[in-house]
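Subject: Structure handover

Hello,

Here is the structure I promised to pass on. Please open it first, then read my notes below.

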Amino acid sequence: MKKISYLLSVLLCVSFGAKGQYYETGQDPASLKWRQINTENFQLIYPADFETEAQRLAYVFEQVYAYASLNLQQSPKKISVVLHTQTVKSNALVAWAPKRVEFFTTPHQQIYAQDWLEQLAVHEFTHVMQMDQVQQSLPFLLKALLGEQAAAIVVGAYLPFWLLEGEAVANETAFTETGRGRLPSFLMETKALVVEKDICSLSKSYLGSYANYVPNHYHLGYWLTAKAREKYGSSLWIKGFDRAARRPWSVSPLNATLKKETGLNQNNLYKQLFSTLKNDWINEIAKANVQTYEMVSPLSADFVSYRYAKECKDGVIALRESMEDISRIVNIDTKGQEQVVCIPGQLFEESLSAEGNLLIWSERRTDLRWAHADRSVICIFNRDTRQKQTIHTENKIFAPRISPDLNSFAAVEVDSKNQCYLSVFSLQSGERLQQFHIAENDYIFTPCWNDTGDKIFFVALDRSGKYLAEWKIGETALRRLLPSSFYDTKNPEFRDGLLYFASSFSGIDNIYALNPETGEKYRITSVPFGAVLPSVSADGKALLFSNYSSDGFRIEKANISNRDDLKIDRFPEAKFELADNLSAQLQGKLTLHKPDSVSYESKRYGKLAHALNLHSWAPLYVDADEQDTRPGVSFFSQNKLGTTVVHAGYDYETSEKTGRFVAGVRYSGWYPVIELNGYTGKRASEYYQITQTLNANHQVIKQDTLVKRYTWNEKNIDLNIKLPLNLSSGRFSRLLRPEIQYELTQLDHDTSTPDAFFRGNYQKLGLRLYFHNLQQSAQRDLQSRWGQAFMLNYNLSPAGDIEFGHILAAQSYWYFLGLLKNHGLRLYQGWQQKELSGRNGFSDLVRIPRGYYKLQNTEMFSFVSDYSFPIAYPDWNLGKLLYLKRLRASLFYDYAQLTVPLFSSEGNITQSQNRTMQSMGVELQSDIHVLRLYAPLEVGVRSIYRPDMQDFQFEFLFSVNLSTL
């Protein structure tokens, strides 16, 4: 029992935190009608119009379950899968409190050569197995004490994200003929970093860096887990999960497993495997006959990436991305000088292209209310007039391409049933002119036009992989130009009789060409890591492309004036040795194509009937909003659609030594979000009692001061209704949220309550309006580059036995760029006016200067300025113990002017006086990771000088940045 107590106190502190444990992704439109399919091992929950794809996915999941269970010797318990079909997001996740899988079903334009839902099923089922293995292997007492959150806590505390995601990528590669382990665009980032810049520390490779670009934990995880499985056997990491679950009180269960199985800890295993990989990659490049090409984009000492290059009359247009700046479309002139053309919003991949004086791209637009109902829009920018046109379409739309005559554009359309179309739209009106659908619903990628505008070339995906195809406008059939294969073929570009494209034929992405009429084949580039996005120069003699390096994609130029020198007999056929070795460790073959004879019973899924879903509990009171734990007990329910969240429990307040029963519910399934909370229980306080001893002459001869504790009964109910309206557009995040709150508190005496203590109820009615308009930030930015936030509050006591008067407050934040890159200035202004009821009044809403305590006031004006800037990105590492990623500072000046009331002995205001507060100082902070936990700690010190008092104060700063999870 000692071990369990220790585990609870430690793990609840170092895990993801309460917010991370009970994760919500948002809500779907309230109008959706939901259905469900229950198979032996899965419950699929989906909108009614997604029936066909849900039937197919149910079969896919059962096949993945059988194959994974056979090879990994594990049979997870049944789990629910929620399908979000109305959104343009392309992703999936496994959450464990409550336990479920969520799919965002719309495919994106960079998926590898396998059906999107199949990709998600294989990858996410690995996470299901990981979590289920931990859940089943945990000590019974821990599961009994914590419910489903027990597994989430242990995984968060002991198993790194690189292992979780690396195993999933390794399995998607081993189980199928594709996967990211056979995708050069995924593999190249780590290869380039290691070959060109050497092997960095495990901490930096896992936790990232602000100093230079480091591929994320998916990349690290694949290479580390896959290479270890190849060398030490496919069950190595399974044993690590099992040990972490069976011995959750141990300090480092993963290291203990590695030590036993390999003789190495995480760090030494990482160094050993990556030393081998580095030698392999250097030898691979030496044999690749790598060529050098003319550089077009400017060189940079920092990470800067240029993609989607297109030559124009005054230079080259490209999308520029970097760590110090937000993405922007730039023009690079012949001298290598850049000029910003425009700054787009949230671009979809494979989206930007140019034709003549026009730029076109597809960008994300949020829904006004529903997180899972965002859309895509087409943006057209005229470089000459600098006018931007936006086209909204019925379906989700991607990869637009303008026709040669500048009258129309082609794009990929996907509807809510995941039916895919190649469509042509009017450039002026946005009206759909043509629509082409492949009978087997092959997914379509990145269309491009021929020179005369009567044909469209594209990449498509069927069950055998990707293929190149041609569609003549108005016809009902396509013509295949290359057979299907699992190589990653992409980025078609037609010019002067040749179709240029990028493909992974050689094991590295390179540019090839095909003559659609004669079938003649050409190899255009030979690069060490990856060449993509071909674009023919204006004179037709050169090919622009993006060539990857550890410092990003660079635009380079290949000579194509002599085609005969580039001709080849056939395209290469590379093998992916590590991926093939992983597959060879498994038994059998995974078959995912659903026979027509297989069908599952489908029935209605009632939202009201499934509103409650008790998933976790704890022998502690967990305050999810404050991310705090106290003595008590907690119960948590969250339905699988994420619309109803319920909590209940007993909260023991240690400072008062009293307890209260607490309950609350939040419903987010309607346009307004409604939250109801309440509690009932004891409260306690103290007062000083003076006891005097008198002599016979009634003179005080002894006086004692006693502290008397008393309690009272308190009940509270709090109703909050808010309407979060998402007005985001382009590169700006905008939120408008009106809110109304009513709170009723009832106080009653018990036997220890003094007679003078208030008995009765008091009420609060709060009105709040919040709005922000914030420009997106670069990776190195410390705040928004430009923006505003406004808050307007009015609180009053509408009725009750005691009055608190009222308070009106207005606050604003203003964000500006600083003097140098990634510097920022933030200004705050606040004003409030209170009307007190005797000595009673509402708490301040406006900020007071740092270094001061709050004073009762009737009016206050406050001004705060912060100038923040980075100092250094040291990437300093002390083994597993500490990783220092960034040092930063802030200079501040705070000012407030208050009207302070003076009270008579009866509690009436007799007069007021003005009071001024000022402070200034410096905050020094560091972003650090402790014990390689993924969420960074923000640790620092604040030095405050108060000119009026002529004194200094120092404060310790500490917080956990959970936004990174």
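Start with the aromatic rings. Ring pairs link Phe42, Phe61, Tyr65, Phe103 and Phe125 into a cluster. Rings of Phe, Tyr and Trp (its six-membered ring) pair if their centres lie within 6.5 Å; planes under 30 degrees apart count as stacked, over 60 as edge-to-face and the rest as tilted.

A word on the source. This is a predicted model, where local features need pLDDT of at least 70 and side-chain atom pairs count only at pLDDT 80 or more, while totals for chains, interfaces and linings use all residues. Residues are numbered from 1 along each chain as its sequence is written, and side-chain values use heavy atoms, with hydrogens and water left out.

Back to the rings. The pairing rule gives 42 aromatic pairs. Take Trp223 and Trp281: their ring centres are 4.9 Å apart and their planes stand at 70°, so this pair is edge-to-face. Trp223 lies in helix α10 (residues 217-232) and Trp281 in helix α13 (residues 266-286), so the pair ties together parts 58 residues apart in sequence. Helices (H or I, at least four residues) and strands (E, at least two) are DSSP runs, numbered from the N terminus. Both Trp223 and Trp281 are buried. Buried means under 20% relative accessible area, exposed over 50%, and partly exposed in between (1.4 Å probe, protein chains only).

Trp712 and Phe757 make a tilted pair, 4.7 Å centre to centre with 35° between the planes. Trp712 is in strand β37 (residues 700-722) and Phe757 in the loop between β39 (732-749) and β40 (760-775), so the pair ties together parts 45 residues apart in sequence. Trp712 and Phe757 are both buried.

Charges meet rings too. Arg180 lies over the face of Phe186, 5.8 Å from the ring centre. Arg946 lies over the face of Tyr852, at 4.9 Å. The rule: NZ of Lys or CZ of Arg must be within 6 Å of the ring centre and within 35 degrees of the ring normal.

Next, a sheet. Six strands form an open sheet in the order β4-β5-β3-β2-β1-β31, with mixed pairing. Two strands pair if DSSP finds at least two bridges between them. β4 and β31 (602-604) stand at the edges with a single partner strand each, so one side of each has no neighbour in the sheet. Strand β3 (residues 79-84) runs parallel to β5, joined by four bridges. Val81 stands opposite Val101 in β5.

Which peptide bond is cis? The one that joins Ala97 and Pro98, with omega about 5°. Pro98 lies in the loop between β4 (90-96) and β5 (99-105).

Finally, look at Asn289. This residue has a positive phi of about 55°, although it is not a glycine. Asn289 sits in the loop between α13 and β6 (294-295). Is Asn289 buried or exposed? At 56% relative accessibility, Asn289 counts as exposed. Its backbone oxygen lies 2.9 Å from a polar atom of the Ser526 side chain. Ser526 is buried, with a relative accessible area of 8%. Ser526 is found in the loop between β26 (521-523) and β27 (531-536). Asn441 also has a positive phi, about 60°, and is not a glycine. Asn441 lies in the loop between β18 (432-436) and β19 (443-449).

Best wishes

Conventions. A polar contact is a pair of N or O atoms within 3.5 Å; within protein, one must be able to donate a hydrogen and the other to accept it, and residues adjacent in sequence count only if both atoms are side-chain atoms.
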